[in-house]
Amino acid sequence: MTADLRTDTQHRTGGVRALYSGNARAVVARGLLATRSTNWIIVLTGVFEPVFYLLALGIGLGSYIGGVTDTQGQPIPYAAYIAPALLAVSAMNGAIYDSTWNVFFKMHFGKLYQGMLATSLGPLDVALGEISLALLRGAAYGTTFLLVMQALGLNLSWTALLALPAILLIAFGFASLGMGITSYMKTFQQMDWIAFVLLPMFLFSATFYPLTVYPEPIQWVVQALPLWHGVELVRGLTTGAIGPAMLVHVGYYLVMVAVGLVFTTRRLRALFLD
Amino acid sequence: MPAPVITATDLTKKYKDFAAVDGISFEVAPGESFGLLGPNGAGKSTTMRMVGAVSTRTSGDLRILGLDPDEHGPAIRSQLGVVPQQDNLDTELRVRDNLLVYGRYFGLPHSQVAKRADELLEFAQLSDRAKAKVDDLSGGMKRRLTIARALINDPRILLLDEPTTGLDPQARHILWDRLFRLKERGTTLVLTTHYMDEAEQLCDRLVVVDKGRIMAEGRPAALIREHSSREVLEVRFGSDRNEGAAATLAGVGDRLEVLPDRILVYAQSGEEALVEVTKRGLEPITSLVRRSSLEDVFLRLTGRTLVE
């Protein structure tokens, strides 16, 4: 298999010129037009899910919970503790929805990419364009949620403003990796595995309680997952607990973006430009 | 003679051990209408995908507009119009938006694409459906929209893979008319088909392809003259009596071809052959005299019919 891949790359000597025409914006424009004319209501519904969690768990259940602290040990209200986690989750959800199910349908049923790749677009244009769309959606969800937090008084520091670029990065990471993974999926059953992985990640990534409740080996597992880095990054920003560990979180997402882009591009080329 | 726009030399595409395209060579001149005729699975679509720079060759050489598709995919594709075998219109967009968005994929400016989209809707006889949803169009309309879309970048070569397969006769004739107009305007057409009438109507020159190889090449009329008689008499005796009748018919016309449902008698004059058939005491259930077609050429070359 590795040998095959190697000859494959040697055979195609076109390099970036064969993969990219610098026109990803045409793919984004297409996506916006399609969203506007068909499914913007579905897009809207996704905004509410984390808001419901915030109201039920943060405000409702949270009134019974005390003694929560931020990453630097300062006591904060429970709602202010979980709100940034839900903010990271909303960015993730928006990005994942567009980059998994939507991409899956376009790839296997709509034949959209086949049509795109018959033009001067290259696979990297398509990957960047589609990932940007997913990123936009994640950013839209995140921004809305950030405004809800502001209205409820859950942003404890001016650094909450920096949560905006942070959720962009989180959405970019999940969109990029999500599309990369989806490009390997062939059946609906395989797609269900994505949801199967996402739910426990949502529940256990220090979303609703601190990482310290877990025994050490479990902590390592959680710290390896992308959402934990997103949650910690955003929580630090909205609560004002800034620290050097944040650079690690940012680095984690930069790697995730790069890996996702490489896999998606390679896979689109294998699928549609064999 | 001007430089060819497509040059394939010993072009081969293998999937594992199976050779879908097995060493074919051909050239297409600018403005020419070139066809690949053959049954399903002959390797036509694979060839088209390689020519369309969306599939890499296993071996051999290929030049599209002088460029190697392995290295210059986007540059070549920007000069091509592609009509795939199955429509892949963007069903999330409306009719006119399909053209606008597709034009943007080529990086063309909006104003230019908008003007061209309106001209092409006119050409495809879809101006009144500009705002319709793609799913509400008939099969023939979708096909015409796909062709209009393929023309949005004013391509130097238009590739059509089975352009009228699955269309009703009326829709086919409308489509042929449109393609014929393109041909008259000097657009280079490369099309695959397993319909002999389509090949005869649209192609200046064609290759007959079977099992990934070229069996014959030439102008439709020349191929027929070379590989078949002037006329064909088709006689049917009922499925279990064809074999027996064939024995009695030996020597009538130039050549006999016994198919499961009928016998083909190749002759200079079909009428005279029919007289001979009845002289020999045979009474066919039905008989038909027609001119030889590419179907007969294919049958002669491969021993099989085109549409099975």
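Here's a walk through a predicted model of chains A and B, from confidence to interface to surface. Residues are numbered from 1 along each chain as written, with chains lettered from A and ligands numbered from 1 in the order written. Local features need pLDDT of at least 70, side-chain atom pairs count only at pLDDT 80 or more, totals for chains, interfaces and linings use all residues, and side-chain values use heavy atoms, leaving out hydrogens and water.

The model scores ipTM 0.84 and pTM 0.87. Chain B has an average pLDDT of 92, with 99% of its residues at 70 or above (pLDDT is the predictor's per-residue confidence, from 0 to 100).

On to where the chains meet. Chain B puts 28 residues in contact with 30 of chain A (heavy atoms within 4.5 Å). Together they bury about 2,600 Å², 49% of it on carbon and sulfur atoms; that's accessible area (1.4 Å probe) lost on being put together, summed over both parts. Arg77(B), Glu92(B) and Tyr105(B) supply 27% of chain B's share, more than any other three residues. Glu92(B) also forms a salt bridge with Arg30(A), at 2.9 Å, N to O (the cut-off is a Lys or Arg side-chain nitrogen within 4 Å of an Asp or Glu carboxyl oxygen). The interface has 2 salt bridges by this rule.

How values were computed. Buried area = accessible area lost by both parts, 1.4 Å probe.
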